[in-house]
Amino acid sequence: MSNPGFSARKPQAGRRVVSAIVVLILVMASVFTLFPIYMGVLNSLKSEGDMLNNILSFPSRLEFGNYADAFEKTEFMRSLVNTVAVAVIGLAGIILFASMAGYKMSRTPGKASGFLFGLFVLSMLIPFHSIMITLVKISKELSVQGSTFGLGIIYIGLGVSMAIFLYHGFVKSIPRDLDEAAVVDGCGEIRLFFVVVFPLLLPVTATIAILNLLWMWNDFLLPLLMLTDSDDYTLLLSTNMLFGEYNNDWSAILASLVLAMLPVILMYILLQKYILDGIADGAIKS
Amino acid sequence: MRITKKRKQTLVLLAFVFPALLFYAVFMLAPAFGGIGYSLTDWNGLNPTYRWVGFANYTEALTEDPFFIDSVWFTLKFVAFMVVLQNGISILLAVLIESRGRSKVWFRTIFFMPNMISMIIAGFMWLFIFTKVVSYIAEHARIGLLDQSWIGDPDFSFYAILVVSLWGGVGYLMVIYIAAIQSVPRQLKEAAAIDGATAIQTFRNITLPMIYPAITIGIFLTLNSSFKVYETVYALTGGGPGRATQAIALNIVEEAFSFNSRYGYASAKAMILFLIVFAITIVQLRFMKNREVEA
């Protein structure tokens, strides 16, 4: 080390070459990742003829008509409101009910609580396709099929077990003294939970909110099976319907795809750090 | 006094668990157990009544339904490719990104982005790439290799589905692997570097064994998601041409909701899917947990 001679220089140069190769690979992978999104946005701004002329070039004239068309045909605002409504109902139910159940099962010793916890965890291996046929039948009988509210309710049933699992684990890391002190103060069970415990669960609540929001927002099959009236369609269903109707008019289809992506991309830009942390956290704990 | 306290505790437990349990029982447990029951009947959408047929649906699915059997093989092949490639590429990206300085945040952000987008939307977007853009490039740059019928020819559409699934799934596992690599103690790597280990040696002898638990998770997640592959195939090929790219999930949905409405029969297929996923996952977890202990 004290004598940086000729021999020490060689690994230095070698390291630089390796570093350049690494950067090259990462840049190429980034280009590959962004390419379809970039092409989609680019061609959504072209007229049909402009697209056929040169698919890779910039639009010769910006064509916003595709967007106006897609916005209207997918009833964008209504679909967006429907999607938000489903997600809000699902998320509120999952967070409220799972936090209560996860907390109490974690704090109560004994067989009953162990059995209940096992019952919830049981379903985490069952693929959705194995329950969907009977789920459709049950939903019809309970008349929750065919409404955004009903869809939100179903998501609660499907989403609670994973959330309970995460809450259950997290509560163990909170010292018992905190809630026991409150009990001594004469705080009722319900008040204790909402005033003292629930705020402490915030980190895991954030993780659960992100995971479930992404799941419900991007889920296609369940809404497809449950929503029958196009007035109730979520963003994905409206986009899917438009795709079927436009059949090869790509510039219009691409505009609708970009519109459908817009909310999640915006969310990603705003909440990126929380989303990435939440994903890593959720996966490692489950 | 003691007993009443315990009883009160149980009552409070039930009160807290009840709302979650109610929704869970109605929309998860009941359909799961109901599905087992219906898979043993000839229930369909047309007749109001149905009768018990024992395991007839299962034997029919496994012996007399070539489309279902093809869909099982197609899915198994897809899963095998996904397990190897998705985990391999994610680990590679995670290691390369972690070797970077400030730019690592940018790369991480870019590679995760596809996970934000529904595979239905992404699938349609890729359909545009495969049918319009790739042929344009192949024609103008004269790259014969690219000039294939990526969607129309089943030999190639398998790879189209694979590419899109990897595009959509790699970032998720990469985030998990990055977290695992970051938890490898720095001293271990430094000690290896002082001992003159090359980067590849350090990776193989230190990083890889240390992130083994993350690989167990990564493979588990890949198995779980790729057996259920639906949206990507629906958007790209719709299962076609013919039924050449029909994954199990598409076969079940078609059986139940498209034309025959054979709910009982489709439920049996759904149970077979569950049993395959369950068996393979259990074997994988057993096998990898054992190796984890050794490592």
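**Chain A, whole**

Select chain A and colour it by burial: of its 286 residues, 41% are buried. The model on screen is a predicted one. Switch to a cartoon view, and chain A shows 13 helices and 0 strands. Followed along the sequence, the pattern is α-α-α-α-α-α-α-α-α-α-α-α-α. The radius of gyration of chain A is 25 Å, well over the 19 Å that the globule rule gives for 286 residues, so chain A is more spread out than a compact globule. Along the principal axes, the C-alpha atoms of chain A fill a box of roughly 75 × 75 × 35 Å. Of the contacts in chain A between residues at least 6 apart in sequence, 78% join residues at least 24 apart.

**Domains of chain A**

Next, colour residues 6-65 of chain A as domain 1 and residues 75-247 as domain 2. A distance drawn between the C-alpha centres of these two domains of chain A comes to 39 Å.

**Segments annotated in UniProt**

An unreviewed UniProt entry lists "transmembrane region" for residues 21-41, 80-103, 115-136, 148-171, 192-217 and 250-271 of chain A. Select two of these in turn. Residues 80-103 of chain A are 100% helix and 0% strand, with the end C-alpha atoms 34 Å apart. Residues 148-171 of chain A are likewise 100% helix and 0% strand; here the end C-alpha atoms are 32 Å apart.

**Two loop residues in chain A**

Move to A:E75, in the loop between helix 3 (65-73) and helix 4 of chain A. Is A:E75 buried, partly exposed or exposed? It has 18 C-beta neighbours inside 10 Å and counts as partly exposed; the cut-off for buried is 20 or more, and for exposed 12 or fewer. The phi of A:E75 is positive, about 50°, although the residue is not a glycine. Most residues other than glycine have a negative phi.

Then go to A:S143, in the loop between helix 6 and helix 7 of chain A. A:S143 also is not a glycine and has a positive phi of about 50°. With 9 C-beta neighbours inside 10 Å, A:S143 counts as exposed.

**Chain B, whole**

The box filled by the C-alpha atoms of chain B, taken along the principal axes, is roughly 80 × 75 × 30 Å. Buried residues account for 41% of the 295 residues in chain B. Among contacts in chain B between residues at least 6 apart in sequence, 71% join residues at least 24 apart.

**A buried position in chain B**

Centre the view on B:I181, in helix 6 (residues 154-182) of chain B. B:I181 is buried, with 20 other C-beta atoms within 10 Å. Which residues does B:I181 touch, not counting residues up to four places away in sequence? They are B:A94, B:V95, B:E98, B:T207 and B:I211.

**The contact between the chains**

Show both chains again. The contact takes 67 residues from chain A and 68 residues from chain B. On the side of chain A that touches chain B, the helices that each supply at least two residues include helix 1 (6-44), helix 4 (76-107), helix 7 (148-172) and helix 13 (250-285). Helix 13 of chain A gives the largest share of that side, 15 residues. By type, the residues of the side of chain A that touches chain B divide into 49 nonpolar, 16 polar and 2 charged.

**The largest nonpolar core**

Last, look at the largest nonpolar core, which has 157 residues. Those with the most contacts inside this core are A:A98, A:V160, A:Y167, B:A20, B:F124 and B:Y177. Domain 1 (6-65) and domain 2 (75-247) of chain A both give residues to the core, so it lies between them. Finish on A:Y167: leaving aside neighbours within four places in sequence, A:Y167 is in contact with A:A98, A:S99, A:G102, A:Y103, A:L201 and A:V204.

Definitions and conventions: Residues numbered from 1 in each chain as written. Chains lettered and ligands numbered in written order. Predicted model: local features only at pLDDT ≥ 70, side-chain atom pairs only at ≥ 80, totals over all residues. Contact = placed C-beta atoms within 7 Å. Helix = DSSP H or I, 4+ residues; strand = E, 2+ residues; numbered from the N terminus. Nonpolar A, V, L, I, M, F, W, Y, C, P; charged D, E, K, R; others polar. Domains from an automatic or database assignment. UniProt positions renumbered as here; feature names shortened; annotations may be inferred. Rg over C-alpha atoms; globule rule 2.2 N^0.38 Å. Core = buried A, V, L, I, M, F, W, Y, C linked by C-beta atoms within 7 Å.
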